[in-house]
Amino acid sequence: YKMKASNTLGLNTGDATAPQINEFDWNWLPSQLIDYGQNMCTINKLSQKMMATAMLMTASAAIGRNCYITPNPHNQTWKVYCNLWGVSTAPAGSRKSEVLNKATAPIHKEQMEVAKMWREELEDWLEEEMKYKVKKKNFENKLKMLNGKAMDELEAPKIKAKPVKTYYIATDITAERIPSFIANARGSAFAVFDEMSAFFQSTGGNSSRNTGTEARATYLSAWSGDGKDVRLRQDDTKETADHGASISIYGMAQPDIIANHVHEYKKSRDGFFSRFQLVTYETDYNIYQKATIPFDQRASDIYGATIIKLLNFKRKIPFYFEGESLKVFDDWEHLNELNLKKYNDRKDYLMAEVVAKRTKVVCALALVMHLIDEFDNGIEEPRGGISIKALKNAIALNTFYVNEIKRVVGSEEKREMDEDELSDKIQEWLEDPINHNTMKKGATASMISMDLRKKGERPSAEKILAVAKDLGFKVKSRRIFR
């Protein structure tokens with residue numbers, strides 16, 4: 001059960017036109033992810049590129065802000081963290097929820113363990129608090145009795161800080177919950193969405209407490225980890241820590257949902273869509289053969305242990321490119337800038353925004369690959385220099401994901417063309433002399449819709465009314481008059 005290997009480690013991000021079939025190669029991933037991912041795909045009939053992307057997102061989210069990479073050796077202030085955003089699209093019934101559950105299982109398990117420890121610590125603290133209150137009251141009574149005499153001999157009772165519950169991952173979180181989620185996250189804050197439609201709706205339209213624009217701004221602030229942003233305050237006075245966790249986002253969506261989001265992005269141009277850097281796009285429902293191999297417990301244990309290592313690993317000094325890896329990265333970055341110029345010159349601002357964010361993707365993925373390889377070799381304190389193998393695999397993955405995004409954008413452009421063709425069909429019906437007598441009495445939009453459906457078109461009544469108004473026809477009570 002393997003997809004056709006592409007074996008391409010090219011540096012180019014591709015031409016403007018994406019391939020109709022975007023091939024994925026498991027060999028771009030570390031073995032700890034390959035063994036578990038292929039086993040899960042085979043026995044659960046899952047999409048391979050979805051599963052691979054979900055595991056990469058889980059690994060990068062586990063690292064979060066626990067460490068970083070400085071791509072430019074001459075600019076130590078340019079820090080790239082591993083928080084990425086991603087979305088996988090596939091038709092209904094493609095087992096998207098199963099992919100999400102299998103990939104994120106280690107983080108959920110760790111969060112449950114941490115929550116159990118927190119409850120135990122909280123119980124101990126509550127008992128200590130009761131004792132503290134008694135000691136405090138006795139202390140205050142003694143102060144009154146001494147009335148200012150020999151007060152230096154008294155020592156005020158103390159109590160340790162109340163244990164705070166730690167979060168690593170949250171499911172279907174809203175923008176309003178982001179500040180408290182980040183405040184209680186230990187470097188890693190991973191928001192996952194079983195269905196992204198609600199997320200896109202909340203960031204595109206209005207909700208009762210948070211307009212779409214404000215929700216988008218909140219998520220963008222959380223993406224940058226800007227603890228001083230007012231949107232990340234938990235109340236009127238307290239701000240999140242300056243080094244607050246950056247948020248990673250990954251979720252599932254149906255193809256039409258992501259196409260709608262791209263359409264909204266073209267209107268706003270605030271860089272929101274370009275943050276979704278790991279994207280997979282599938283429009284066909286695939287039927288897989290029944291599994292003939294058993295569940296691989298060893299592969300599952302290794303994958304889980306790898307994610308937990310990433311979750312608990314911390315490093316204050318940066319990772320970096322050096323030697324051959326620095327030369328390869330510089331060559332790739334130059335080509336990426338040429339592509340960025342190309343899209344800006346074409347005034348294709350959507351793809352320009354996407355390409356502009358690819359440096360973060362390559363650096364983050366290279367760091368993920370490097371850490372996993374180092375742990376696999378038994379190195380508890382990974383070397384600072386990113387390996388050439390990790391970088392080349394990151395570049396190959398980046399090329400794959402850029403082509404996937406182009407396919408998403410292409411689907412949106414095709415949808416716009418289909419909408420234009422549909423408008424032309426509606427106009428033909430409205431201007432057809434055969435329909436003039438009907439329109440003198442007022443043709444209902446639903447009646448026109450039914451008539452067009454007989455010819456293979458599927459316009460909504462709202463679409464028909466909008467076209468009629470644009471063409472100057474009189475519209476009253478959902479009837480169109482000539």
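**Entry 1: Helix H15**

I looked up which residues of helix H15 (residues 461-470) are buried, and I found Ala-461, Lys-463, Ile-464, Leu-465, Val-467 and Ala-468. Buried means under 20% relative accessible area, exposed means over 50%, and partly exposed lies in between, with a 1.4 Å probe and protein chains only. Helices (H or I, at least four residues) and strands (E, at least two) are DSSP runs, numbered from the N terminus. An α-helix has 3.6 residues a turn, so residues three or four places apart point the same way. After H15 comes Gly-472, with a positive phi near 90°.

I note that the model is predicted: local features need pLDDT of at least 70, side-chain atom pairs count only at pLDDT 80 or more, and totals for chains, interfaces and linings use all residues. Residues are numbered from 1 along each chain as its sequence is written, and side-chain values use heavy atoms, with hydrogens and water left out.

**Entry 2: The whole chain**

I counted 15 helices and 10 strands in the chain. Of its 482 residues, 49% count as buried. The chain exposes about 24500 Å², of which carbon and sulfur atoms supply 49%; accessible areas come from the Shrake-Rupley method with a 1.4 Å probe, and for residues only the protein chains shown count as cover. I then turned to contacts, meaning heavy atoms within 4.5 Å. Among the contacts with a separation of 6 or more, 74% join residues 24 or more positions apart.

**Entry 3: Nonpolar cores**

A nonpolar core is a set of buried Ala, Val, Leu, Ile, Met, Phe, Trp, Tyr and Cys residues joined through side-chain atoms within 4.5 Å. Which members of the largest core touch the most other members? Of its 72 residues, I found these to be Leu-29, Met-51, Met-55, Leu-56, Phe-321, Leu-371 and Leu-397. Helix H11 (residues 358-376) gives the largest share of this core, 12 residues. A second, separate core has 41 residues, including Ala-175, Ala-189, Phe-272 and Val-408. In soluble globular proteins, nonpolar side chains tend to be buried together.

I followed Met-55 further. Apart from neighbours within four places in sequence, Met-55 is in contact with Trp-26, Leu-29, Leu-33, Tyr-36, Gly-37, Ala-103 and Tyr-303.

I checked strand S5 (residues 246-253) and found eight of its eight residues buried. On one side are Ser-246, Ser-248, Tyr-250 and Met-252, and on the other are Ile-247, Ile-249, Gly-251 and Ala-253. In a regular strand the side chains alternate between the two faces of the sheet.

Two strands pair if DSSP finds at least two bridges between them. S5 pairs with strand S2 (residues 85-89) in the parallel sense, over five bridges. In this pairing Val-87 stands opposite Gly-251.

**Entry 4: Aromatic rings**

Rings of Phe, Tyr and Trp (its six-membered ring) pair if their centres lie within 6.5 Å; planes under 30 degrees apart count as stacked, over 60 as edge-to-face and the rest as tilted. By this rule I recorded 20 aromatic pairs. The ring centres of Phe-24 and Trp-28 are 5.6 Å apart and their planes stand at 90°, so the pair is edge-to-face. Both residues of that pair, Phe-24 and Trp-28, are buried.

The rings of Trp-85 and Phe-272 are also edge-to-face, because their centres are 5.7 Å apart and their planes are at 75°. Trp-85 lies in strand S2, and Phe-272 lies in the loop between helix H7 (255-268) and strand S6 (276-281), 187 residues apart. Trp-85 and Phe-272 are buried. Ring pairs link both into a cluster with Phe-193, Phe-199, Phe-200, Tyr-219 and Phe-276.

Lys-102 lies in helix H3 (residues 96-146) and is partly exposed, with a relative accessible area of 25%. Lys-102 and Met-40 are 62 residues apart in sequence, but 7.6 Å apart in space, C-alpha to C-alpha.

Where does Lys-45 lie? I found Lys-45 in the loop between helix H1 (31-44) and helix H2 (48-63). Lys-45 has a positive phi of about 55°, although it is not a glycine. Most residues other than glycine have a negative phi. Lys-45 counts as partly exposed, at 26% relative accessibility.
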